[in-house]
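Biologist: I'd like to learn how to read a model like this one. Could you walk me through it, a feature at a time?

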Amino acid sequence: MEADSLNTVLQSARQAVILVGGKGTRLGDLTKNTPKPLMRIDDNSLFLDHVIFNIARQSFDEILLLAGHLGEQFIGRYHGKHVCGAAVRVIQETTPAGTGGALLNAADALQEVFLLANGDTFFDVNVRQLDRILLKKSDALGVMALRHEPDSGRYGAVVLENGYLTGFREKEQPIHGGALINAGAGVFRKDVLTFINNVPCSIESDVYPKLADQRRIMGHEFPGYFIDIGLPETLEFARNTLPQKRYRPALFLDRDGVINEDYGYTHKPQDLLFVKGAVDLIRSANDMGALVIVVTNQAGVAHGFYGMNDVEIFHEAMNESLNRHGAFIDAFYACPFHPSAKVAAFRHPDHPDRKPNPGMLLRAFDEWPILRERSILIGDKESDIAAAERAGIRGLLFDKEDLSSLKSKALMHLQRVC
């Protein structure tokens with residue numbers, strides 16, 4: 001069993017900050033009247049839609065868009081909206097201040113730890129792995145997501161030594177065989193603002209090198225789909241590939257007895273104890289890009305032992321703990337209905353959401369971009385397996401103490417080529 005760390009003072013990032021203020025001059029006339037992050041990808045989406053969705057689903061509460069050039073377009077499309085439960089706000093600068101200046105301008109709105117990402121870059125990675133690294137290193141002010149790129153001259157290369165970034169090479173200095181690059185996302189502590197001394201300021205060229213000189217910034221290399229739409233040809237590549245990348249297999253998990261130890265109507269955060277192997281399984285699914293979705297019967301609500309608000313609080317605590325372990329759950333579906341419920345509002349003879357009925361899974365298929373044929377469910381009851389079968393996906397019955405026994409089967413199914 002894996003104990004939770006609810007009493008720790010270290011917190012994972014709940015806020016994501018996306019820089020969307022650049023003019024995108026390399027795209028020429030395309031960005032004359034439209035900001036680069038708002039380039040159309042297909043009939044249904046803009047580039048920034050994909051960036052926001054892929055960040056918001058990783059259990060963030062708030063997303064700040066730091067706008068400048070044509071900022072009113074960001075306000076009109078996103079300000080006040082919610083994506084995967086994350087509230088979106090736009091902060092528009094009044095005068096151009098550079099990427100560092102934009103961050104300083106938003107100082108009052110920043111939380112103590114936040115994800116910082118570029119709005120013109122999409123990197124399909126588990127950013128919660130950055131949380132995991134930063135929380136272990138009290139001396140570091142940030143951890144950047146890195147990628148090995150054959151054409152490093154376009155981006156500028158970074159030097160990584162023992163987990164710390166020790167140098168930044170200028171653009172247009174290609175390295176034979178490629179090199180690691182800053183892939184446009186990192187988790188930072190708010191104290192990074194103390195390194196912004198003048199405005200306008202570029203966080204890439206003015207701040208990051210200073211952090212590297214003092215060994216205050218770390219890096220972690222990821223594989224995964226990556227695209228920077230700074231050039232016409234890369235924008236076209238995004239249009240040809242990004243819509244398909246949105247669709248993913250899903251790992252569906254029952255909750256009590258599969259993710260957390262089941263003490264009978266478990267619902268208090270202080271009672272959260274992970275089943276052995278559960279965190280590793282969830283993190284592995286996150287790392288490969290699969291959605292992780294919980295589908296749980298909650299008869300305790302029907303019987304009046306606790307309310308749906310308590311269920312939500314427990315789920316928030318679960319995700320907060322998972323975030324500190326480098327993992328996250330995309331969505332929770334909970335069914336409070338029961339045939340013999342003591343609470344009349346939740347009494348139902350055979351509610352479509354209550355497993356073995358597949359209602360929660362079917363709703364997830366409607367609400368998330370799921371590749372059904374590559375999805376799978378793990379549960380500890382026959383009713384879980386029956387729900388999976390009725391939803392048209394494979395089910396695996398967990399009847400041991402360690403989820404690692406099912407890990408390889410589940411991951412192979414999620415990544416199989418159809």
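Biologist: Let's begin with the second largest pocket: which residues lie nearest its centre?

Modeller: Keep in mind that this is a predicted model. As for the general idea, rolling a probe the size of a water molecule over the atoms shows where empty space is left. Here, the second largest pocket has 20 lining residues, and His315, Glu316, Asn319, Asp330 and Phe332 are the ones nearest its centre. The space in this pocket comes to about 530 Å³.

Biologist: Which helix gives the most to the lining of the second largest pocket?

Modeller: That's H9, with six residues. Helix H9 (308-324) and strand S19 (331-335) each supply at least two residues of the lining. By type, the lining of the second largest pocket divides into 10 nonpolar, six charged and four polar residues.

Biologist: Asp330 was on your list for the pocket centre. With which residue does Asp330 form a salt bridge?

Modeller: For a salt bridge, look for a side-chain nitrogen of Lys or Arg within 4 Å of a carboxyl oxygen of Asp or Glu. Asp330 pairs with Arg57, and their closest N and O atoms are 2.6 Å apart. The two are 273 residues apart, with Arg57 in the loop between H1 and strand S5 (62-67) and Asp330 in the loop between H9 and S19.

Biologist: Are Arg57 and Asp330 buried or exposed?

Modeller: Anything under 20% relative accessible area counts as buried. Arg57 has 2%, so it is buried, and Asp330 is buried too, at 9%.

Biologist: Where do Arg128 and Asp131 lie?

Modeller: Both sit in helix H4 (residues 128-134), three residues apart, which is about one turn of the helix. Arg128 is buried at 0%, and Asp131 is buried at 2%.

Biologist: On to the nonpolar side. Which residues touch the most other members of the largest nonpolar core?

Modeller: In soluble globular proteins, nonpolar side chains tend to be buried together. In this model, the largest core has 52 residues, and Ile18, Leu48, Ile55, Ile63, Leu65 and Tyr78 touch the most other members. Helix H1 (residues 47-56) gives the most to this core, with six residues. Another core, of 31 residues, lies apart from it, with Leu19, Ala107, Ala109 and Leu146 among them.

Biologist: And why would you call helix H7 largely enclosed?

Modeller: Count its buried residues: eight of the 10 in H7 (residues 278-287) are buried, so the rest of the structure largely encloses it. Among them are Val279, Leu281 and Arg283.

Terms used. Residues are numbered from 1 along each chain as its sequence is written. This is a predicted model: local features need pLDDT of at least 70, side-chain atom pairs count only at pLDDT 80 or more; totals for chains, interfaces and linings use all residues. Side-chain values use heavy atoms; hydrogens and water are left out. Buried means under 20% relative accessible area, exposed over 50%, partly exposed in between (1.4 Å probe, protein chains only). Helices (H or I, at least four residues) and strands (E, at least two) are DSSP runs, numbered from the N terminus. A nonpolar core is a set of buried Ala, Val, Leu, Ile, Met, Phe, Trp, Tyr and Cys residues joined through side-chain atoms within 4.5 Å. On a 1 Å grid over the protein atoms alone, a cavity is a set of points where a 1.4 Å probe fits but cannot get out, and a pocket is an open set with protein on both sides within 12 Å along at least five of seven lines; lining residues have an atom within 4 Å of a point. Grid points are joined across faces, edges and corners, and a volume is the space filled by probe spheres set on the points. Ala, Val, Leu, Ile, Met, Phe, Trp, Tyr, Cys and Pro count as nonpolar, Asp, Glu, Lys and Arg as charged, and the others, Gly among them, as polar.
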